[in-house]
Amino acid sequence: MPEEVAVLVGIDWADEHHDVSLQLVGGAVERRRLPHTPEALATWMAQLRHRVGPTGAIAIAVETSRGPLVHALLEHPGLVLYPINPRSLKRFRETFTPSGAKADQPDAELLRELLATHRDRLRAWVPDDEATRALRRLVEHRRKTVDLRTQFVQQLTAVLKDYFPQALSWAGDDLASPLARDFLRQWPTLDAVQRARPTTLRRFYTAHNCRRPTLIDQRLTEMETALPLTRDPAVIGPSVALVQMLVGQLEALAPSLEQFETAIAAQFAQHVDADLFSSLPGSGAALAPRLLVAFGSDRTRFQSAVEFQQYSGIAPVTKQSGRSRVVHWRWAASTFVRQSVHEFAGQSIRYSAWARAFYAQQRARGKQHQAAVRALAFKWIRILWRCWRDRQRYDEARYVQALHVRRSPLATRLSLDAA
């Protein structure tokens with residue numbers, strides 16, 4: 001990026017308007033408020049470009065690297081964006097206003113001032129290529145859809161416990177499955193199930209790929225002898241209405257989720273780094289695209305594995321003062337990236353010998369499951385970062401050989417497990 005810029009801009013963006021603090025090199029500070037419309041932003045950018053010339057660099061500090069404002073700014077070339085962590089801006093604001101007072105225009109001033117005085121310590125944001133940005137939005141939207149499905153399943157579980165708890169067993173283990181949805185749609189109450197003929201129920205289970213005779217017989221026997229939790233119509237009637245609504249929501253989400261998964265698979269297959277992340281043990285169709293977008297396409301974004309460990313939130317925070325030393329969870333991190341790396345580490349235990357040995361080693365030291373998986377994720381990130389930086393596929397045999405060459409305790413455990 002150029003050492004000198006033609007103009008410094010701080011923007012505090014909001015849903016309805018954006019407060020701007022602007023200063024041309026050698027000029028006075030200018031302030032204005034822009035409506036949040038594409039036309040207003042385009043007009044303002046055209047005026048600014050006319051003032052600085054076709055080659056003048058425009059440095060803009062904003063509180064985030066994503067959002068509608070950033071999407072609009074990306075339409076204009078020649079911008080150097082500096083995303084500022086909201087917590088960093090808050091600390092900078094508290095330096096001058098210990099009372100905690102906050103307003104949009106002063107925040108824009110602080111962003112511009114932060115850019116003017118500490119630009120050498122800020123890192124300009126380089127957006128990922130189009131394929132990576134598209135894949136990121138797809139995997140994030142899919143995750144939100146899965147979370148929404150989980151909320152509906154939890155609500156459905158809660159309401160069934162209120163009046164028809166037997167359905168939690170008879171409808172199968174997954175209430176979002178076609179079997180559960182069809183069961184609750186046809187028989188939302190115990191009375192409806194007990195009025196159905198055994199041949200009808202048996203045929204229903206068989207049609208939904210539940211063909212174990214012993215399991216079907218067990219369920220039919222339970223249905224004959226089951227007693228209702230309540231016979232109060234004031235409870236059963238409204239509960240049935242809620243169950244039907246939740247079943248309908250789950251029914252509507254199913255094809256949408258399939259569409260997301262199909263689009264992700266097609267987008268991921270065309271990506272230049274698809275082969276790299278597909279080589280990871282346990283990544284699979286869901287986690288490989290998520291790991292890809294977590295690292296991104298800009299190889300200069302993470303200068304070391306430590307930076308990604310901190311960015312993902314896997315690395316803990318250490319606070320030390322005198323004799324006091326505290327290590328705690330890193331809160332300032334992307335939840336989606338943290339989940340992606342953590343879930344991948346958990347899956348790798350099933351497919352990677354050294355990961356399985358490392359996890360067993362951590363459990364033997366007294367760590368709980370989640371802590372052991374986080375420790376494994378911390379170790380995996382060093383490998384992932386090196387493969388990503390060098391654009392090289394992961395090779396399990398090569399890594400295990402390196403463990404033996406270094407005489408790692410993990411190599412000794414691997415040899416014992418093999419023996």
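Colleague: Which residues of β4 lie on one side, which lie on the other, and are they buried or exposed?
Modeller: This is a predicted model, so local features are read with a confidence limit. Side chains in a regular strand alternate between the two faces of the sheet. In β4, Ile-58, Ile-60 and Val-62 take one side. Ala-59 and Ala-61 take the other, and all of these residues are buried.

Colleague: How many residues of β4 are buried?
Modeller: Buried means under 20% relative accessible area. β4 is largely enclosed by the rest of the structure, because the buried residues number 5 of the 5.

Colleague: In what order do the strands of the sheet stand?
Modeller: The sheet is open and has 5 strands. Its pairing is mixed. The twist averages 20° from one strand to the next. The order is β3-β2-β1-β4-β5.

Colleague: Which strands stand at the edges?
Modeller: An edge strand here has a single partner strand, so one side of it is left without a neighbour in the sheet. That describes residues 29–35 and residues 79–83. The strands are β3 and β5.

Colleague: How many bridges join β1 to β4?
Modeller: Strands of a sheet pair through backbone hydrogen bonds, either parallel or antiparallel. β1 covers residues 7–13 and β4 covers residues 58–62. The two run parallel. The number of bridges joining them is 4.

Colleague: Which residue of β4 stands opposite Val-9?
Modeller: Gly-10 stands opposite Ala-61 in β4. For Val-9, the residue opposite in β4 is Ile-60.

Colleague: What is the bridge partner of Ile-60 in β5?
Modeller: β4 and β5 run parallel. They are joined by 5 bridges. In β5, the partner of Ile-60 is Leu-81.

Colleague: Over how many bridges do β1 and β2 pair?
Modeller: β2 spans residues 17–24 and pairs with β1 in the antiparallel sense. A hairpin of 3 residues joins the two strands. Gly-10 stands opposite Ser-21 in β2. The pairing of β1 and β2 runs over 7 bridges.

Colleague: How many residues of β1 are buried?
Modeller: β1 has 7 residues and is mostly covered. The buried count is 6.

Colleague: At roughly what angle do the axes of α15 and α16 cross?
Modeller: Two packed helices are described by the angle between their axes and the distance between the axes. α15 holds residues 335–351, and α16 holds residues 353–364. Their axes come within 6 Å. They cross at roughly 110°.

Colleague: What does that angle make of α15 and α16, and which hand has the crossing?
Modeller: Angles of 65 to 115 degrees count as roughly perpendicular. α15 and α16 are therefore roughly perpendicular to each other. The crossing of α15 past α16 is left-handed.

Colleague: Which residues make the contact of α15 with α16?
Modeller: By class, this contact has 5 nonpolar, 1 polar and 2 charged residues. α15 gives Ser-348, Ile-349, Arg-350 and Tyr-351. α16 gives Ala-353, Ala-355, Arg-356 and Tyr-359.

Colleague: How do α15 and α17 stand, and how many nonpolar residues has their contact?
Modeller: The axes of α15 and α17 come within 8 Å and cross at roughly 100°. That makes α15 roughly perpendicular to α17. Residues in contact include Phe-344 of α15 and Trp-380 of α17. By class there are 4 polar, 1 charged and, as asked, 10 nonpolar residues.

Colleague: What is the phi of Asn-209?
Modeller: Most residues other than glycine have a negative phi. Asn-209 sits in the loop between α9 and α10. Asn-209 counts as exposed, at 60% relative accessibility. Its phi is positive, about 65°.

Colleague: Where is Arg-391, and what is its phi?
Modeller: Arg-391 lies in the loop between α17 and α18. At 52% relative accessibility, Arg-391 counts as exposed. Arg-391 has a positive phi, near 55°.

Colleague: How far apart in space are Pro-106 and Val-243?
Modeller: Pro-106 is found in helix α4, residues 104–118. Pro-106 is partly exposed, with a relative accessible area of 41%. In sequence, Pro-106 and Val-243 are 137 residues apart. In space, C-alpha to C-alpha, they are 50 Å apart.

Methods
Residues are numbered from 1 along each chain as its sequence is written. This is a predicted model: local features need pLDDT of at least 70, side-chain atom pairs count only at pLDDT 80 or more; totals for chains, interfaces and linings use all residues. Side-chain values use heavy atoms; hydrogens and water are left out. Axes are lines fitted to C-alpha atoms, for helices over the stretch in contact, and angles run from 0 to 180 degrees between N-to-C directions. Angles under 35 degrees count as roughly parallel, over 145 as roughly antiparallel, 65 to 115 as roughly perpendicular and the rest as oblique. A crossing is left-handed if the near helix is turned anticlockwise from the far one by less than a right angle, and right-handed if clockwise. Contact means heavy atoms within 4.5 Å. Ala, Val, Leu, Ile, Met, Phe, Trp, Tyr, Cys and Pro count as nonpolar, Asp, Glu, Lys and Arg as charged, and the others, Gly among them, as polar. Two strands pair if DSSP finds at least two bridges between them. Buried means under 20% relative accessible area, exposed over 50%, partly exposed in between (1.4 Å probe, protein chains only).
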